[in-house]
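Keep the viewer open while you read.

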Amino acid sequence: MQKTMTRLADGRELIYFDADDSAVRDAPDLRPLERGAPLSEVRRDPATGDWVTIAAHRQGRTYHPPADECPLCPSRDGRLSEIPAADYDVVVFENRFPSLARSTATGGSGSPDPLHLSSPGTGRCEVVCFTADHGLSFADLTEARARLVLDAWTDRTAALAALPGVRQVFCFENRGTEIGVTLAHPHGQIYAFPFTTPRTVKMLTAATAHRARTGRNLFEDLLAAERADPERVVLAGEHWTAFVPYAARWPYECHLYPNRRVTDLTRLTEPERAEFPLLYLELLRRFDRLFIQRGQTAPVAPTPYIAAWHQAPTRGGDELALHLELFTIRRTVGRLKFLAGVESGMDAFVNDVSPEAAAQHLREVAT
C-alpha cells in the first residue's frame, strides 16, 4: 500500500491510499476555496450524563447533488471536486462540513454550573471514499479493494487516536437515502470524538460488571457462546465470526467479531486482515439479497444499512472487543423500521423479527 498526503485549497488534509506503489498523486486543488470556520460545541446532558454535539453550521452542507456534480467523484472533464486526481483507489479527507473540528469558533460556556457544562467541539471528521466509481457500492468491491479500505481505516484509527484530546475513533458507513445519506457516492466517515460515546460507556459498564462477577471478559464469553451453539451464526471463518445477537434491536442485525479479542483495528494480525474482506463482502451481499420479491432475481432497491466499527476508547477500554455491527432499518419488502414512541422516547427497542429467524434468512441468501 502507498500512502500520499496532500492539502486541498482551503487547507484541509487529503490522503490517497493506493495499491500501486508507483502511483503519482501531485494534482493540485484548483478551486477558489476559503478556509471554513466550524461552530462545534459539545454539551453534557445533565439528566443522562451523555455528551451531545451541537454543530449548527452543518445546515448548509451539500444535499443530494446530481451524479454529474458529485463532490466525491474524481476531478475530470473540467469539473473540479473534493478529489483533485482524475482517478483514485481509496481517498480520505477532512470533511468540509464537520461535526467536530481541530479548531472551532465556539469556545463552550466555561460555566462551572453542572447543569450547563460544555466545551469546544474539538476533534476531527473525515470522509472515506471507497472507489472512484460513482455507481458501485461497498459490496461491489474486489477483495483487494476492500482490504485497502481496511488498511485506510486502520491507518486513520492510529493517527486520530494520537491527536490531543481525542477519546474515541469511530469508523462507519451509512448507505441509502432511507438512512439519511445525502451523497450517493460509495463512502463512509470517521469521527474522532473528544468524549467516549454513550453506547461504548454502556458496553464498558457491562464488561466491568461481568469481569467482577465471573473473572472473565464479557465479549470473549459472548463470542464463545455463539460459536458453541451456532443457531444465530451466519458466517464463520478461521479468524472471524458473524452472528445475529441474541437480543438484536433491528430486524436484520449482524455482528462481525475477530475470533481473537483485540481492542481496535490496529491490533489485528495479517491473517486476520487477509480474511476480513472475504467474510465482510459476503455479508454485505447477503444483506442486498434479503428483500428480493417473489419472482425476481434482484432487489427492488438496495438495502439501506449502517456499518459501525466499535473500538475501545483511547483510555480505559481494555475490556472491550473490536467488532463491526451491521444493520438495516428495512424490516420487510417496502417497509421500514421506524424508531417511534418506545424506541425514540425511551430507548427501549421492540424487534419485529426474531434473531433466530433473521440468522436463518441470512444463511439462506448466501451468494
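A quick definition to start: two residues are in contact when they have heavy atoms within 4.5 Å of each other. Bear in mind that this is a predicted model.

**Nonpolar cores**
- The largest nonpolar core is made up of 53 residues. Phe138, Trp153, Tyr280 and Trp309 have the most contacts inside it.
- Apart from that core there's another one, with 15 residues, including Leu8, Tyr16, Phe93 and Val127.
- Which residues does tryptophan 153 contact, leaving aside its neighbours within four places in sequence? They are Phe130, Phe138, Cys171, Ile190, Leu265, Phe276, Tyr280 and Trp309.

**Helix 6**
- Helix 6 spans residues 355–364, and its buried residues are Pro355, Ala358, Ala359 and Leu362.
- Those four cover an arc of only 100° around the axis, so they sit on the same side of helix 6.
- The general rule behind this kind of pattern is that an α-helix has 3.6 residues a turn, so residues three or four places apart point the same way.
- What covers the buried residues of helix 6? The cover includes strand 10 (233–236), strand 12 (252–258) and helix 4 (270–288).

**Cavities**
- Searching the whole structure turns up two cavities of 30 Å³ or more.
- The largest cavity has a volume of about 40 Å³. Its lining consists of Thr200, Met203, His310, Gln311, Ala312, Leu320, Ala321 and His323. By class, that's four nonpolar, four polar and no charged residues.
- The second largest cavity holds about 30 Å³ of space. Trp153, Phe172, Glu173, Tyr280, Ala307, Ala308, Trp309 and Leu324 line it.
- Strand 8 (168–175) and strand 13 (305–310) are the elements that give two or more residues to the lining of the second largest cavity. Strand 13 has the largest share, with three residues.
- The second largest cavity has seven nonpolar, no polar and one charged residues in its lining.
- Trp153, Tyr280 and Trp309 turn up in that lining, and these three are also among the residues with the most contacts inside the largest nonpolar core.

**Second largest pocket**
- The second largest pocket has a volume of about 420 Å³.
- It is lined by 19 residues, and the closest to its centre are Gly36, Ala37, Pro38, Arg96 and Pro98.
- How does the lining of the second largest pocket divide by class? It has seven nonpolar, four polar and eight charged residues.

Technical notes:
Residues are numbered from 1 along each chain as its sequence is written. This is a predicted model: local features need pLDDT of at least 70, side-chain atom pairs count only at pLDDT 80 or more; totals for chains, interfaces and linings use all residues. Side-chain values use heavy atoms; hydrogens and water are left out. On a 1 Å grid over the protein atoms alone, a cavity is a set of points where a 1.4 Å probe fits but cannot get out, and a pocket is an open set with protein on both sides within 12 Å along at least five of seven lines; lining residues have an atom within 4 Å of a point. Grid points are joined across faces, edges and corners, and a volume is the space filled by probe spheres set on the points. Ala, Val, Leu, Ile, Met, Phe, Trp, Tyr, Cys and Pro count as nonpolar, Asp, Glu, Lys and Arg as charged, and the others, Gly among them, as polar. A nonpolar core is a set of buried Ala, Val, Leu, Ile, Met, Phe, Trp, Tyr and Cys residues joined through side-chain atoms within 4.5 Å. Buried means under 20% relative accessible area, exposed over 50%, partly exposed in between (1.4 Å probe, protein chains only). The arc is that of the directions from the helix axis to the C-beta atoms.
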